[in-house]
Amino acid sequence: SPVSAAPIQYPIDFLVSRRRCFLERSFDRALRYFPMIRKEFDRAGVPAALAYMPLVESGFRNGAISSAGAQGMWQFMEPTARRFGLRVGDGVDERLDPVKSTRAAAKYLSTLHAEFGDWPLAVAAYNCGEGRMRRSLKKAGVKTFWELAEMDLLHKETVDYVPRIVAVTLIASDPERYGFKGVTPGPATTR
């Protein structure tokens, strides 16, 4: 399961207390996209719990642009977008298309899971790239994200990324426990 053994209390507390408005707006936007994301993820064999990744990536905003140039709800960089079938260039940027970018994200996550054999590692590799993940795992000689996260081989952003995804998923699966009412698209189950 992508949500087991996670050191996630700090990200939960931080999101619920300091990022509450962001979470409410993001959950509201998620309502529009969640059924489509779950359908695409189910088709690709990606756990439904990971459907909340765009909340951490972009707040479910299709027009989001990072300082590094990643774009769209799934924050694809151009080369990765092209590799997973998205057209970028000549006045077209399919990273901004919610359905096409979700399909590409599902393929990418499925590919990462096939390579790394572990959903937290796949999610971390989505954030930092497969090359860095391969090098880090080889250098560390470990097999799980949680072991790797303790070894100072990944950027802090990546070490924090997986717990943030887990935290958002747990908040969304029991929103009333965290003081949210009627804002989430429903429980995120794991399989």
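I began with Met77, which is partly exposed at a relative accessible area of 35%. My cut-offs are under 20% for buried, over 50% for exposed and partly exposed in between, with a 1.4 Å probe and protein chains only. The model is predicted, so I took local features only at pLDDT of at least 70 and side-chain atom pairs only at pLDDT 80 or more, while totals for chains, interfaces and linings use all residues. I number residues from 1 along each chain as its sequence is written, and side-chain values use heavy atoms, with hydrogens and water left out.

**Entry 1: Met77 and its loop**

I placed Met77 in the loop between α3 (53–58) and α4 (78–83). Helices (H or I, at least four residues) and strands (E, at least two) are DSSP runs, numbered from the N terminus. Leaving out residues up to four places away in sequence, I found Met77 touching Ala68, Gly69, Ala70 and Arg95. A contact here means heavy atoms within 4.5 Å. I also checked Met77 against Pro54, 23 residues apart along the chain: their C-alpha atoms are separated by 14 Å.

**Entry 2: Gln75 and Ser58**

Gln75 is in the loop between α3 and α4. It counts as buried at 12% relative accessibility. Which backbone oxygen does the side chain of Gln75 reach at 2.8 Å? I found that of Gly72. The Gln75 side chain also reaches the backbone oxygen of Ala64, at 3.1 Å. I count a polar contact when N or O atoms pair within 3.5 Å; within protein, one must be able to donate a hydrogen and the other to accept it, and residues adjacent in sequence count only if both atoms are side-chain atoms.

Setting aside residues up to four places away in sequence, Gln75 touches Glu57, Ser58, Ala64, Ile65, Ser66 and Ala70. Ser58 counts as buried, with 4% relative accessibility. With the same exclusion of residues up to four places away, Ser58 touches Ala64, Gly72, Met73 and Gln75.

**Entry 3: the largest pocket**

The largest pocket holds about 590 Å³ of space. Of the 27 residues lining the largest pocket, Val56, Glu57, Asn127, Glu157 and Tyr161 are closest to its centre. Two or more lining residues come from each of α1 (9–18), α3, α6 (119–128) and α9 (156–173). Which element gives the largest share of the lining? I got α9, with five residues. By class, I have 14 nonpolar, eight polar and five charged residues in the lining.

My terms for this entry: on a 1 Å grid over the protein atoms alone, a pocket is an open set of points where a 1.4 Å probe fits, with protein on both sides within 12 Å along at least five of seven lines; lining residues have an atom within 4 Å of a point. Points are joined across faces, edges and corners, and the volume is the space filled by probe spheres set on them. Ala, Val, Leu, Ile, Met, Phe, Trp, Tyr, Cys and Pro count as nonpolar, Asp, Glu, Lys and Arg as charged, and the others, Gly among them, as polar.

**Entry 4: helix α6**

I then turned to α6. Nine of its ten residues are buried, so α6 is largely enclosed by the rest of the structure. The buried residues are Trp119, Pro120, Leu121, Ala122, Val123, Ala124, Ala125, Tyr126 and Cys128. They pack against α3, α5 (98–116), α7 (130–140), α8 (145–149) and α9. Asp118 caps the N-terminal end of α6, with a side-chain oxygen 2.9 Å from the backbone nitrogen of Leu121. After α6 comes Gly129, with a positive phi near 100°.

Most residues other than glycine have a negative phi. I noted two with a positive value. Phe60 has phi near 60° and is in the loop between α3 and α4. Asp152 has phi of about 60° and is in the loop between α8 and α9. Buried or exposed? Phe60 is buried, with a relative accessible area of 1%. Asp152 is exposed, at 70%.

**Entry 5: the whole chain**

I counted nine helices and two strands in the protein chain. Its elements run α-α-α-α-β-β-α-α-α-α-α from the N terminus on. The radius of gyration is 16 Å, close to the 16 Å that the globule rule gives for 191 residues, so the chain is as compact as a globular protein of that length. I take the radius over C-alpha atoms, and the rule is 2.2 Å times the number of residues to the power 0.38. The C-alpha atoms fill a box of roughly 45 × 45 × 30 Å along the principal axes. Buried residues make up 50% of the 191. Among contacts with a separation of 6 or more, 56% join residues 24 or more positions apart.
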